[in-house]
Amino acid sequence: MWGPNYLIYDADIIKQEPASWDILWDERFKGKVATWDDVNNIYMVGQMMGIDRQNKVALYNLTEDQLQEAKSELL
């Protein structure tokens, strides 16, 4: 895919189209999920955490605590 972070899945295994990125944390898929080892994933998780709701540029100015929380979510 090209562009923003797309959610790509195997429709033969996941019958219902995912409605959000939250599917990455679904226990049914634990150990079966992959993502690029790339800094952009921090921004994706930051959006899921709601960091950009009040201030759109906050994603690019994360505090150390926010970075650690995003890292924990990704791991």
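Modeller: D26 is partly exposed, with a relative accessible area of 23%. Keep in mind that this is a predicted model.

Biologist: Why is D26 called partly exposed?

Modeller: Buried means under 20% and exposed means over 50%. The 23% of D26 lies in between, so the label is partly exposed.

Biologist: What makes the contact of R28 and D26 a salt bridge?

Modeller: Side chains of opposite charge can pair when their charged atoms come close. The cut-off is 4 Å between a side-chain nitrogen of Lys or Arg and a carboxyl oxygen of Asp or Glu. For R28 and D26 the N to O distance is 2.7 Å, so the pair meets the rule. The count by this rule is one salt bridge.

Biologist: Is R28 buried or exposed?

Modeller: R28 has 60% relative accessibility and therefore counts as exposed, the limit being over 50%.

Biologist: How many aromatic pairs are there?

Modeller: The count comes to one aromatic pair. The ring centres of Y43 and Y60 are 4.8 Å apart, and the limit for a pair is 6.5 Å.

Biologist: Why is the pair of Y43 and Y60 called tilted?

Modeller: Their planes stand at 50°. Under 30 degrees would be stacked and over 60 edge-to-face, so a value between these limits is tilted.

Biologist: Which parts of the chain does the pair tie together?

Modeller: Y43 belongs to helix α1 (residues 40–48), while Y60 sits in the loop between α1 and α2, so the pair links parts that are 17 residues apart in sequence.

Biologist: How exposed are Y43 and Y60?

Modeller: Y43 has a relative accessible area of 24% and is partly exposed. Y60 has 54%, which is over the 50% limit, so Y60 is exposed.

Biologist: Which residues form the negative surface patch?

Modeller: The patch consists of E64, D65, E69 and E73.

Biologist: What is the secondary structure of the chain as a whole?

Modeller: The chain has two helices and zero strands. Of its 75 residues, 20% count as buried.

Note on methods: Residues numbered from 1 in each chain as written. Predicted model: local features only at pLDDT ≥ 70, side-chain atom pairs only at ≥ 80, totals over all residues. Heavy atoms only, no water. Patch = residues over 30% accessible without salt bridge, like charges linked within 9 Å, V, L, I, M, F, W, Y side chains within 5 Å. Areas by Shrake-Rupley, 256 points an atom, 1.4 Å probe, with all protein chains shown as cover. Lys, Arg positive; Asp, Glu negative; His and termini not counted. Charge placed at Lys NZ, Arg CZ, Asp CG, Glu CD. Phe/Tyr/Trp six-rings, centres within 6.5 Å; stacked < 30°, edge-to-face > 60°. Helix = DSSP H or I, 4+ residues; strand = E, 2+ residues; numbered from the N terminus. Buried < 20%, exposed > 50% of the residue type's maximum accessible area, 1.4 Å probe, protein only.
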